[in-house]
Amino acid sequence: MTEILGTEPPRVYICCDWGKEFDKRAVFLTDTRTRRIRFAGRSPFLSAAGTPWSVREALACAREFAPKSSVVLAFDVPLGVPLSYFHAAKRYAPWTSIKTFVDWLPLACRHRGFLESSNTASTWRVDRPFFAVPAGKGSLKAFEAEATRYGVLLLRSIERQACAKPVFVTSGIPGSVGSAAIEFWRELVDVLAGSRDFALWPFEGKLDTLLNAHRIVLAEMYPRAAYSVALSSSPPEERARLKIAKNDEGCRRAALRELLDSKWVRDEQVVLTPEDVESAAVSEDSFDALITAAALLRCALDGTPLSQPALEDPEAEGGILCTGGINLALPERNFAGPCVESPSSRMCYRAGLLMGM
């Protein structure tokens, strides 16, 4: 298991659920000193300045805490590419000198046509990897077959284990992340230029080392890796990935009630207000941001590793937070919480937990 906390544990985790459109972005934070989980700005969907969330706004939020606390700034967007793709990219003339994903990203995003999405498998190329999956059986397999001609597998190792979607798919299959990745990468490249006060994990070092040196570390999160960490009563080695029908408001509310009723939340006197909880109940984006913030808080309080060394690649693939708190070898299970309101969901724990759905 990887070291994650060092001599001074991260104090603030900012969790950004990220979409292509601004109204599909929501941000929650948690402070390990106060055990508080709350909006990071004026609402889950607006920064402190009252503007839609962007990478710059998220960094501005992190800088508010950085003078006194180390900050993990996590985005629900792929921060890395398959290793086989990266090696193919290094054979491409404009990118032969690249060493890591961080070196490659600015060059790639400025390459003509790189961020355009194709919809025909025969047009897939290393320098134009994004694509929309057309309707019809076998459409995705056609793109996979074309990529293998270049020696490329479209999934990162951690994506295969976590059942995540390929970074390059922009649309056409449920849960596609390519469109969000394009917008995020564009914004990230803008802030990577010149001197900077943040680092990217794991490409630029171990998490604890980076936090001590830079105070702000950008990382990738994946809510489906966080659900079980936040909600399960089992120890990490017995926690399977958890599937929640987050597009169903009843299921979101049931999951939030389970979080609020959980022993670790009560024991640690975690603070959530009715407003925080209700915002996550009515929006799947806010739900993912809040649940991931809760999962990272639990990892910090329990001393659970955020990741596993075997699932970290500092060259190309990156890593995903919360994967150290679950057992990816176990089969995924479905969330089966009650979809009716329990009496305890309206209780107020005076010790510090505010509840009220």
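Student: Which side chain does Arg25 meet in a salt bridge?
Tutor: Quick background: this is a predicted model, where local features need pLDDT of at least 70 and side-chain atom pairs count only at pLDDT 80 or more, while totals for chains, interfaces and linings use all residues. Residues are numbered from 1 along each chain as its sequence is written, and side-chain values use heavy atoms, leaving out hydrogens and water. A salt bridge needs a side-chain nitrogen of Lys or Arg within 4 Å of a carboxyl oxygen of Asp or Glu. For Arg25 the N to O distance is 3.1 Å, and the partner is Glu187.

Student: And how many residues apart in sequence are the parts that Arg25 and Glu187 tie together?
Tutor: Helices (H or I, at least four residues) and strands (E, at least two) are DSSP runs, numbered from the N terminus. Arg25 sits in the loop between strand E1 (12-17) and strand E2 (26-31), while Glu187 belongs to helix H6 (residues 178-192), so the pair bridges parts whose separation in sequence is 162 residues.

Student: How are the rings of Trp95 and Phe114 arranged?
Tutor: Rings of Phe, Tyr and Trp (its six-membered ring) pair if their centres lie within 6.5 Å; planes under 30 degrees apart are stacked, over 60 edge-to-face, and the rest tilted. Here the centres are 6.1 Å apart and the planes stand at 90°, so the pair is edge-to-face.

Student: Where does Phe114 lie relative to helix H3?
Tutor: Trp95 is in the loop between helix H2 (83-90) and helix H3 (101-109), 19 residues from Phe114 in the chain. Phe114 itself is in the loop between H3 and strand E5 (131-132).

Student: Which ring does Arg196 lie over?
Tutor: A charge sits over a ring if NZ of Lys or CZ of Arg is within 6 Å of the ring centre and within 35 degrees of the ring normal. Arg196 is 5.3 Å from the ring centre, over the face of Phe198.

Student: How many disulfides are there?
Tutor: The rule asks for a pair of cysteine sulfur atoms within 2.5 Å. By that rule the count is 0. Take Cys15, which is in no disulfide: the nearest cysteine sulfur, from Cys16, is 7.3 Å away. So, with that 2.5 Å cut-off, the number of disulfides is 0.
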